[in-house]
Amino acid sequence: MESSSSPRPCLCLRRVGRRSSISEIGDVFPLHVGLTTLGRSHTSPEASQGSARHVRLDSSVRKCLISRQHARIVCQRRQSAENGVHVQLVDMSVNGVFVNNKKIGRPTDIVVGDVITFGHVRGAALAAGTLASQPQSEFQFRVRVCFVVGDLMFCVHDVAKNITSARMTLCCLDLQLRRYLLLLIPRLFIIFINHVRHVSSAGGSGAC
């Protein structure tokens, strides 16, 4: 059996638009196998019964843009699917759901890299298939791959971006120091992962 402290791949929604206007709402939400509901409510009927996880989407600026039960995402393990997980998005809202700026009108498959935007100020009047870019929306997310270690979650894209930034910084350093740091950084990362496993060995979140 896989240890709860072992890194486990998982898909997630990573906010790419404006930060949430409500501070307690995060920017990264894991998409676990099964049903995930999204909406303005603090929970959903399915989440209350324990048959789903719920992601709260709300704003202190545009209170009515997001429906109480705005959308559903269903993840199913499937070997033929990208990353071994088939993901389907269902719109249940008044103001719509947009995948890569296009309003969806039926259950839609989504994959890593897709941009999902929940709601539009004219969403109720827009027909399915309409293109409507919203770069400043606080309800815009990109599907990413993340790893869960115990209670911690790391977005692969964020880690890669930080490594790239670190490499650019290293290019400005003395050659000998750069070589030393390039050898040291992987070792420090291994030490960090082992520390996380040790801390979370007493318990951890459920499998994605």
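Guide: Gladly! Arg72 forms a salt bridge with Glu46, their closest N and O atoms being 2.2 Å apart. This is a predicted model, in which local features need pLDDT of at least 70, side-chain atom pairs count only at pLDDT 80 or more, and totals for chains, interfaces and linings use all residues. Residues are numbered from 1 along each chain as its sequence is written, and side-chain values use heavy atoms, leaving out hydrogens and water.

Visitor: What makes Arg72 and Glu46 a salt bridge?

Guide: The term asks for a side-chain nitrogen of Lys or Arg within 4 Å of a carboxyl oxygen of Asp or Glu. Arg72 and Glu46 have 2.2 Å between their closest N and O atoms, so the pair qualifies.

Visitor: Why is Glu46 called buried?

Guide: Buried means under 20% relative accessible area, exposed over 50%, and partly exposed in between (1.4 Å probe, protein chains only). Glu46 has 16%, so Glu46 counts as buried, whereas Arg72 at 28% is partly exposed.

Visitor: And why is Arg19 called exposed?

Guide: Arg19 has a relative accessible area of 62%, so the label is exposed. Its salt-bridge partner is Asp27, with the closest N and O atoms 2.8 Å apart.

Visitor: What makes the pair of Phe118 and Phe141 edge-to-face?

Guide: Rings of Phe, Tyr and Trp (its six-membered ring) pair if their centres lie within 6.5 Å; planes under 30 degrees apart are stacked, over 60 edge-to-face, and the rest tilted. The count by this rule is two aromatic pairs. For Phe118 and Phe141, the centres are 6.0 Å apart and the planes at 65 degrees, so the pair is edge-to-face.
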